[in-house]
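Here are my notes on this model, as numbered points. Please read them with the structure open.

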Amino acid sequence: MSVRTRFAPSPTGYLHVGGARTALFNSLYARKFGGKLILRIEDTDEKRNTPEAMQAIYDGLNWLGLEWQEGPDKGGDYGPYLQSQRNAIYEKYFAQLQGGGHLYEDGGAVRFRSPRKTVTVEDLVCGKIAFDMSNPVTHPDMTIRRPDGSWIFHFVNVVDDIEMKMTHVIRGEDHLSNTPKHIELYQALGAEPPKFAHIPLILNHEGKKLSKRDGGSSLAYFVENGYVPEAVLNYLCLLGWSPGENREMLTMPEIQALFGLEDINRRNAIFDLDKCFWLNGQHIQHMSLERFAELSVPCVTKAAIPYGTEDALMKALTIVKPKVKHLTDVPAWIGFLFTEEYPFDPEAVDKALRKPGALDRLRTLGTAFGELAEWTHPSIEARLKELAISLGAKVGEFVHPARVAVSGKAVGPGLYEMLEILGKERVLARFQRAEAAAA
């Protein structure tokens with residue numbers, strides 16, 4: 001049978017980066033062997049489940065670009081894919097265990113009677129591990145059904161993996177200690193266990209499990225703070241897996257070609273938001289302008305930037321792309337291009353426009369620009385540099401006042417690119433406005 005992996009989250013909160021990484025590793029492994037990723041929602045905890053958390057799972061996986069072939073929204077041959085709709089299936093397997101003498105009642109709950117043997121787990125990441133299950137004090141019989149009739153995770157998890165014909169279970173190392181219990185259930189049900197692979201935990205810089213208090217623990221953090229999916233996928237892969245040769249920036253096709261469970265580390269992964277930030281800038285620089293525009297438009301629209309035509313927006317994005325590190329910064333980078341009411345940074349005005357002779361140089365530059373017949377980046381640059389040489393001044397003595405005059409800021413995209421996009425008339429008008437701001 002072809003490879004079948006699954007991602008089985010509970011819709012009880014935000015989508016954790018650990019869960020997103022688990023989904024990614026399962027997807028990569030399935031795709032590597034032409035198999036399928038199954039999305040199964042473990043929604044048996046009615047008190048904690050919320051529609052918002054369910055939507056967060058779909059939104060997060062879709063944002064990352066991860067595709068599943070079977071699930072609640074897609075159907076499939078082994079559904080339902082919501083545990084809350086699978087009660088009849090659980091009852092059947094419960095009866096099978098009961099008929100085999102594997103269950104007993106304890107205070108209204110139903111427990112599984114452990115065979116009290118050593119269980120060996122052959123893990124694709126952790127290796128061969130023997131668990132001595134003989135001591136009932138350290139390994140008490142597990143509950144599989146509560147007194148109120150609801151099911152315990154261990155039981156339904158195993159039943160679903162059997163029914164959905166999972167070949168591989170790739171999950172966090174915190175589940176490793178549960179695995180011998182699960183294998184006991186497989187054996188009691190006469191089923192072949194899947195192959196297990198337990199991936200390292202993701203810890204914060206203090207060596208503690210990543211929690212809500214840590215920035216970046218939620219996938220929504222990256223969406224809200226202007227990260228691009230390509231960079232987040234890249235970073236998630238590096239949390240516990242290494243392609244070798246000290247490579248860090250990778251595209252999804254490269255990751256797909258290189259990924260293997262044998263290259264997953266045993267040691268826990270330390271979450272480093274600075275590394276993800278660096279990767280974000282790298283991916284933005286290397287992506288196509290069309291992709292950059294596709295990802296930037298929602299931020300530009302949310303900020304109500306009146307960019308006019310698509311062509312005007314694309315020209316603006318072209319000149320700021322080399323500078324952008326977060327998509328949420330795009331409106332601030334381009335906003336001044338689309339309004340004549342842009343604010344002036346007081347510190348920039350002091351440093352660039354109030355220096356002795358600065359406004360005189362700006363007026364001289366305005367006159368020189370006014371005489372230009374061709375308004376292009378090369379001609380603008382050449383005219384400014386010729387003027388500086390003729391007056392025995394440094395190029396920066398013209399560049400800095402001009403930049404602040406047309407943008408209101410001391411930093412931004414390349415000056416000559418900005419001036420070309422703005423057009424001669426707007427540039428000359430902005431030079432005059434800057435004089436008033438510096439007065």
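1. Start with E163 and K92. The two form a salt bridge, with the closest N and O atoms 3.7 Å apart. E163 sits in helix α4 and K92 in helix α3, so the pair ties together parts 71 residues apart in sequence. E163 has 23% relative accessibility and therefore counts as partly exposed. Keep in mind that this is a predicted model.

2. D160 pairs with R86, and their closest N and O atoms are 2.7 Å apart. This pair also links distant parts of the chain: D160 is in helix α4 (residues 153–163), while R86 is in the loop between α2 (51–64) and α3 (87–99), 74 residues away. Are these two residues buried or exposed? Both R86 and D160 are buried.

3. In total, the structure holds 28 salt bridges.

4. E122 and K128 give a salt bridge in another setting. Their side chains meet at 3.7 Å, N to O. E122 counts as exposed because its relative accessibility is 51%. K128, at 62%, counts as exposed too. Side chains of opposite charge can pair when their charged atoms come close.

5. Now the strands. β3 (residues 103–106) and β4 (residues 109–112) run antiparallel and are joined by four bridges. D106 has A109 of β4 as its bridge partner. The two strands form a hairpin with two residues between them. In the turn, G107 has a positive phi of about 65°.

6. Two bridges join β4 to β7 (residues 143–145), and the strands run antiparallel.

7. S114 deserves a look. The residue lies in the loop between β4 and β5 (118–123). Its relative accessibility is 10%, so S114 counts as buried. Which residues does S114 touch, leaving aside those up to four places away in sequence? They are M133, D141 and E184. D141 is 27 residues from S114 in sequence, yet the C-alpha atoms are 5.8 Å apart.

8. The side chain of S114 has polar partners. One is the side chain of E184, in a polar contact at 2.9 Å. Another is the backbone nitrogen of R116, which lies 3.1 Å from a polar atom of the S114 side chain.

Technical notes. Residues numbered from 1 in each chain as written. Predicted model: local features only at pLDDT ≥ 70, side-chain atom pairs only at ≥ 80, totals over all residues. Heavy atoms only, no water. Pairing = 2+ DSSP bridges. Buried < 20%, exposed > 50% of the residue type's maximum accessible area, 1.4 Å probe, protein only. Contact = heavy atoms within 4.5 Å. Polar contact = N/O pair within 3.5 Å; in protein donor to acceptor, adjacent residues only side chain to side chain. Salt bridge = Lys/Arg side-chain N within 4 Å of Asp/Glu carboxyl O.
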